[in-house]
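Have a look at it first, and then we'll go through some of its parts.

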Amino acid sequence: MAKYRMHLLVCDGTTCHASQSESVKNALQDCLELNNLENEVKVVSTGCFGYCEKGPIVKVLPDNTLYVKVKPGDAEEIVKEHILNGQIVKRLLPTESVAQVYASEGKTPFFDKKQIRIALRNCGFIDPENIEEYIAHDGYQALCKCLTEYTPQQVIDIIKRSGLRGRGGGGFPTGLKWEITAKVKSDQKYVICNADEGDPGAFMDRSIMEGDPHSVIEAMAINGYCTGANKGLVYIRAEYPLAVKRLKVAIDQARAYGLLGKNIFNSGFDFDIELRYGAGAFVCGEETALIHSMEGKRGEPTFKPPFPSEHGYLGKPSNVNNVETYANVPVIINKGADWFASIGTEKSKGSKVFALAGKINNVGLIEVPMGTTLRDVIFKIGGGIKGGKEFKAVQTGGPSGGCLTSHHLDTPIDYDNLIAAGSMMGSGGMIVMDEDDCMVSIAKFYLGFTVDESCGKCSPCRIGNKRLYEILDKITKGEGTMEDLTKLRNLSEVIKDTSLCGLGQTSPNPVLSTLDNFWEEYVEHVVDKKCRAGSCKGLMKYIIDAEACTGCTACARACPVNAISGERKGPHFINQEICIKCGTCMEKCKFNAVLLQ
Amino acid sequence: MVHVKTIEDLKKIKEEFGKRIQVSGKNFDPEKVVQIKVGLGTSGIASGAKEVMNFLRDELEKRNIEALVTQTGDMGYSYAEPTIEVKLPGQPAVVFGKVNIKKADEIIERYIKNGELIDGILPTNYMTI
Amino acid sequence: MELVKLTIDKKTLEVERGTSILNAARKVGIEIPTLCYLNLDGLNIENKPGGCRICVVEVEGRRNLAPACATEVTQGMVVKTNSTRVLNARRTVMELILSDHPFDCLVCPKSGNCELQSLAHRLGIRDIPYQGEQSTYRKDTSPSIIRDVDKCILCRRCEMMCNEIQTVGALSAINRGFMAVIAPAFEMNLEKSPCTYCGQCVAVCPTGALTEVDHTRQVITALADPTKTVIVQTAPAVRAALGEEFGLEPGTLVTGKMVSALRELGFDYVFDTDFGADLTIMEEGTELLDRLTKYLGGDRNVRLPILTSCCPAWVNFFEHNFPELKDVPSTARSPQQMFGAIAKTYFANQLGIDRKNLVVVSIMPCLAKKYECQRTEFSTDGNPDVDFSLSTRELANFIKLANIDFGALPESDFDRPLGESTGAAVIFGTTGGVIEAAVRTAYELYTKKPLAKVDFEELRGLEGIRAANVDFDGLELRIGIAHGLGNARKLLEEVRDGKSQYHAIEIMACPGGCIGGGGQPLHHGDASILKARQKAIYMEDQNKTIRKSHENPYIIQLYKEFLGHPLSEKAHHLLHTHYFDKSTQIVIE
Amino acid sequence: MAVIKLPESKVQQLKDICKSFNNDKGELINVLHKAQEIFGYLPAEVQEVVAKELNISIAQVYGVVSFYSFFSMVPKGRFPVSICLGTACYVRGAEKVLDEFRKQLNIQVGESTPDGRFSLSCLRCVGACGLAPVVMVGEKVYGRVAPEDVKGIINEYANL
């Protein structure tokens, strides 16, 4: 049925586009027409291949040859040699290492191994509302294996050996956590799934629940078996209606298939799962706060110890892990601890899902092996910075994390490296910023979030973060002093040192990391009263270009504070003392004479 | 309803699932039918994936193409939502991004009917396990 | 018990596992400052939210500082309580707390007795570098308690008292973050909430956020009015605590000095609420015997157990929470109100003055008494039986205001007739006292035999709920005692569910009874003060020559001249009351 | 004595919700979710009934309601406008969009227009970061919204 015998895929990702992929495409098209091949071979533009620095990229189908750094002038050679003569143009092939990657490619013609999908293995592949499709992808085999072949301790040992660490941010060894809960003696225990993904800009857990809910259910049952719990609870954000629906469907199906309920796999093990809803409080991502919220109370954290593994939901031992952590478990059981431990770095095993967002071309959900560099994530997978602007910073770890700079681009991502760099893994939000982002404002944005979301129980977090926010606000308005910068640092350090829970203990990180990495920018705001990104309104000046001004008086009439003076038909002038920077004059001017400086 | 009690039960479901796909009472041979997955995560839906899915279902039936359209989760390409994956019999699956009604129509007419690739393919840039 | 060895500020010590760093440090003379922490030893009252972060200390090997109040010692732990890091953190946290606190110390009712103020002094805070927005709220005044929550530091003590100990549920933390505050639902006025005015929130508040309504000015005005005869009654628990305000050891009895002070203040007659208490026993004891006899005689129209009714916060509590049981408590008014009713009738007659020209002031360990005396059922033609109720604290301030050197005062005795009382009345001031007093009288009235031993040790103590059987010459009288409204709730639920095994139950709203009342000098979390007050109360009882209410000669005279006999029609009219349903009603539109 | 006035059917509905959760106070948040689904918001009366049915203090119920941003004591507009202020939306200019909505509707966040048609609120991340900045009107999602688009979005609802 195929009309065309060959396809030439030209990457039209943003970066390739910027490096003339369009011209390459046109040149190829012209050459084909010149050789009367336009009805045999088709040129198609595609999304990003994830090899932006080698772009433009051309791929030939069906033989899967990949050409890199193709220039318009190469079009003729490709058409003549490859299409007409069947000879590969060797000089355009990628370097050896890349070639190897492509040589080993398997199932699909568009294949590259920078990403590995473990937690996301089924996400976007299977119908999340069809349990049979999950089973067809080896679903529930791990649970079966655990219940019929392993003792609880053996399962715990596998998880321990795999090196899996909590994906919710803290990075606590998962197997160890399970073991602690397992060892506590109690008539009742609980398995809790923390699905209160609250970082602004993070949607990893939501995607897993929407795309592969059974993997979470299966893992929770496995945990129940290990720890001796018969009841699982998923604490999920009420703002995630679709994830709630898919989880409910999945739980019902699992019950119908006997994979939840009594005597699962004839092992004598009973397990069932209920949903509990969050109600919009970021702090409930903290496990003790989460438990109080599940008990119908204000989501205020309590001092640890006791940890939930000993004293959790309703005072009973409870194992709390987040969605992504659980999603890894069935694979580890199926493929073995050694396989999992072979991926990643020495202390951080496996892969991590990130929600890549901000000023980046390929916003999306990605999963990379631990140890992948930020550069690979941002410039290869992410396709680089939007609009060809300059990369400035990447924020990881949400409101608990920090802003990293171009100096950190070659840092391999893992728990310990990110902390050493002044940020943290967090749950996996990764926001990219460009030259238009003012780092003081970014710090203020995060502090604003923390102030909104602080529970108010302990004084450093309740009052300290408010004061941090106020100082940052003052700086962005151009009213800051060097003394304020000293205060920022001392306050940040004390809040970290004295706060009750993880929220307060990490909330100053956006301030500290920007102070460390963008000190000059703070000083500019304070001393030079200048915002290089041009985003701090308080530091901007509206001025009238005397040349362009026609003296129409439209601006002067519109100015709400009468800051503009000038003769009719003569150039006008803005009195900076009076101006409140509302921007009305700029809106009103028909001659583009009002400028923002 | 199957009550799964052993590994064999699981394996049976797995095998059966590969062999026959049933949609609204009809049996399909997966080897002979066009299979389309529509990414119906929150961002997909927000970008109009549901409309695209309905369009595909209606139009494929109208145009007498034996096809199975199912939903799936987020494929990860938030920048290119809505995304759909099309698998023609005997061929590798191809993912298309930014699929609106017009694009969906083009996919039916050109790719599904003629095997002609069209602009907007998303290269799969990850390895799955 | 397993011992744990640790080092605090280079001092090595061994303490029991489970001890907090705070308590371990105290053992070696290191006093780590605290703010939100509160522990009333022996009363099961502990507030340990770990919220203020003032008590943070450095623990070797730990990433961040640890709150000493909530962190348990571990083997080999090395703690520093005064390192530069700790001192800087503690100072900064204090500066932050102060940055969200009004700077009106000079005119604050808590000035001089404020834990926040003392702490700022102790930490040597000289300026507040972190200035910014302060949270502001509406000031809320109720009949007993003023809430000025701008001064709230979120220590959560009041919330703990109101919910966990008292189970009143008038207060809760509301909102979150910087806007978080302790308030009634919808930030409504306390008066509209189920508040019982027990005042335990005030008793534990470390700042001026919760204080009593001050009626001293009205009393001064009345005293200065030549047309008024002003008389005062003092509750038993006042004399066991007032001395603390003048630097005397807790537990010092200052009855005689207190009477002298009140005279110097200008009261025309200094009387004793104890007289009212003896009267209460006559009425309540007789009512108990009446109900008991009827009950034993097979009359199922009477309900047992009988519940004491002298605590106004307790009365409020069951009116709000157990309106269906409102015919169970004794109908006897409280001693304060019995005193007022007799004063404004019997005594006014004796003086030959109109009740409107007789001003009755009470000195109470209690804040609910302020509300109680304002209840409309306790007034005649708009004139209340008791005009003003001052707390022990207000009296102390009043004495200081009047330039009286309390320590130098001679001891003097109450006036007659309403100043005479028995040991039975004195023990009303502590948990178990009312029922013991009632038993002393009821026993003799029931058995017609004199008591061999007046002291009923089995009814005493500080356990939250106590039970004892008293042998009434063959009849086992089963007695229950609860103090703290949370404990009361438990006994009430038994009564409601028909599971109560008692014939009589004594209930006091405040932990420890009136000695721990909301109007008493602040204990600042030191439970030994309450214990000392209790001891003093029993000592006062011991010292009395008459220790049974029915033997009070002036009580006997009162019945003879005026009331007739207990439960007489006149007694009913003046000394008994009825209760109201104050629970939330859902009205269907 | 506090008196709550509610129509009988509503009281019954609330009682049924509480009962469906066994009048268990641990289920308070679930009960409040259901109640808000039915009433659209949680007025004081509704909270009083819930408190009574679950046998907890009204202060405690309000403490919970006022803690969680999902619960509201003010009725939402017929067309509730929510602006995502997640980080991705923030760096792509969500604040300017919010300012424009404020200006156009002449209300602040948390308020409703006097005619009750529109209300304005902020959301944390809705997870549609690829479409940042994101605005929701009711269930409908608008992606890549620029301040210039705001007028048009509001006009879509002008005649509804």
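Predicted model: local features only at pLDDT ≥ 70, side-chain atom pairs only at ≥ 80, totals over all residues.

Residues are numbered from 1 along each chain as its sequence is written, and chains are lettered from A, with ligands numbered from 1, in the order in which they are written.

Let's begin with chain B. It holds 4 helices and 8 strands, where helices (H or I, at least four residues) and strands (E, at least two) are DSSP runs numbered from the N terminus. Starting at the N terminus, the elements of chain B go α-β-β-β-α-α-β-β-β-α-β-β. Of the 129 residues in chain B, 43% are buried; that label takes 20 or more other C-beta atoms within 10 Å of a residue's own, with exposed meaning 12 or fewer, partly exposed in between, and C-beta atoms placed from the backbone. Among contacts in chain B with a separation of 6 or more, 63% link residues 24 or more positions apart. A contact here means two C-beta atoms, placed from the backbone, within 7 Å.

Chain B also meets chain A, and the contact takes 44 residues from chain B and 61 residues from chain A. On the chain B side, α1 (7-19), β4 (67-72), β7 (121-122) and β8 (126-128) each supply at least two residues. The largest share, 6 residues, comes from α1(B). By type, the chain B side splits into 21 nonpolar, 18 polar and 5 charged residues. For that count, Ala, Val, Leu, Ile, Met, Phe, Trp, Tyr, Cys and Pro are nonpolar, Asp, Glu, Lys and Arg are charged, and the others, Gly among them, are polar.

Strands pair up too, which takes at least two bridges found between them by DSSP.

| Strand | Partner | Sense | Bridges | Residues standing opposite |
|---|---|---|---|---|
| β5(A), residues 115-117 | β8(B) | parallel | 3 bridges | Gln115(A) and Tyr126(B) |
| β11(A), residues 351-358 | β12(A) | antiparallel | 6 bridges | Ala355(A) and Leu365(A) |
| β9(C), residues 145-147 | β12(C) | antiparallel | 3 bridges | Arg147(C) and Leu210(C) |

In chain A, an open sheet of 5 strands with mixed pairing runs in the order β12-β11-β15-β13-β14. Its edge strands, β12 (364-369) and β14 (402-404), each pair on one side only. Chain C has an open sheet of 3 strands, ordered β8-β9-β12 with antiparallel pairing. There the edges are β8 (140-141) and β12 (210-212).

Now for the inside. The largest nonpolar core has 442 residues, and those with the most contacts inside it are Leu28(A), Ile222(A), Trp314(C) and Val50(D). Such a core is a set of buried Ala, Val, Leu, Ile, Met, Phe, Trp, Tyr and Cys residues joined through C-beta atoms within 7 Å. Helix α17 (residues 439-453) of chain A gives the largest share of this core, 9 residues. Apart from this core lies another, of 13 residues, including Ile574(A) and Cys585(A).

Finally, is Glu394(C) buried or exposed? Glu394(C) counts as buried because it has 22 C-beta neighbours inside 10 Å. Glu394(C) sits in helix α13 (residues 392-401) of chain C. Leaving out residues up to four places away in sequence, Glu394(C) touches Asp214(C), His215(C) and Thr216(C).
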